[in-house]
Amino acid sequence: MTLKVVAEMASISEGFLSQVENDVNSPSVDTLLRICKALDVDAGDLLTQVNQKEKSVLIRKSDLDDIELSHTGFVTRRFFPPEDRTVIDSSILVIEPGKTIPARKNIKNGQEVLSVLKGQVELVVSDKSYQMETGDSVHFWSDPGRQKITNTSTETSFVLWVGTL
């Protein structure tokens with residue numbers, strides 16, 4: 001269903017529904033009930049699901065031992081699924097030797113933090129290059145067209161990455 005169809009069925013504006021969808025605005029209880037009815041979703045079930053969402057996620061070192069790297073030579077082990085990321089995104093980057101992870105797409109005025117947990121990587125952002133090793137961290141403004149992370153060591157590297165959305 002499109003935003004327009006749901007908005008019409010719930011007797012609200014398409015713009016307001018978009019704001020609710022993007023967590024910019026919150027509906028009243030009455031409006032929430034109308035949106036749920038339009039979507040054929042039980043409001044009680046919806047609230048229960050929201051209440052049961054994970055509030056924290058722990059990634060143990062042992063969770064990273066059995067990661068299978070794809071043909072790209074890297075894997076991003078995210079903490080939360082896309083629908084639960086509204087302000088920041090975060091992951092553990094697992095990168096094979098010599099492999100490169102490209103920048104996130106469609107990021108404007110974003111900030112990122114990298115912290116090398118194990119190994120050595122080169123961060124290229126804009127016109128700067130940072131050679132980083134275990135324990136090094138950097139906070140920088142994103143430049144999606146001109147940034148990448150490359151594992152420069154002979155072993156798999158592990159990097160904690162956090163970025164604004």
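I began with Arg34, which forms a salt bridge with Asp30, the closest N and O atoms being 2.5 Å apart. I took a salt bridge as a side-chain nitrogen of Lys or Arg within 4 Å of a carboxyl oxygen of Asp or Glu. The model is predicted: local features need pLDDT of at least 70, side-chain atom pairs count only at pLDDT 80 or more, and totals for chains, interfaces and linings use all residues. Residues are numbered from 1 along each chain as its sequence is written, and side-chain values use heavy atoms, with hydrogens and water left out.

I looked up where the pair sits. Arg34 and Asp30 are about one helical turn apart because they are 4 residues apart in helix α3 (residues 29-39). Helices are DSSP runs of H or I with at least four residues, strands are runs of E with at least two, and both are numbered from the N terminus. Arg34 is partly exposed at 27% relative accessible area, and Asp30 is partly exposed at 47%. Here buried means under 20% relative accessible area, exposed over 50%, and partly exposed in between (1.4 Å probe, protein chains only).

I then went through the other salt bridges; the structure holds 4. Arg78 forms one with Asp89, with the closest N and O atoms 3.0 Å apart. This pair links distant parts of the chain, Arg78 being in strand β1 and Asp89 in strand β2, 11 residues apart. Arg85 also bridges to Asp89, at 3.2 Å between the closest N and O atoms. I noted Arg78, Arg85 and Asp89 as one network of salt bridges. Asp89 is buried at 3% relative accessibility, Arg85 is buried at 18%, and Arg78 is partly exposed at 28%.

Next I checked the largest nonpolar core, which has 15 residues. Such a core is a set of buried Ala, Val, Leu, Ile, Met, Phe, Trp, Tyr and Cys residues joined through side-chain atoms within 4.5 Å. Leu93, Ile95, Leu114, Val121, Leu123, Met132 and Ile149 touch the most other members. I found that β2 (88-95), β4 (111-118), β5 (120-125), β7 (137-141) and β9 (157-164) each supply at least two residues of the core. The largest share, 3 residues, comes from β5.

Last, I looked at one end of the chain. Met1 is in the segment before α1 (3-10). Met1 counts as exposed, with 65% relative accessibility. I also placed Asp66, in the loop between α4 (43-51) and β1 (74-78). Asp66 is exposed too, at 68% relative accessible area.
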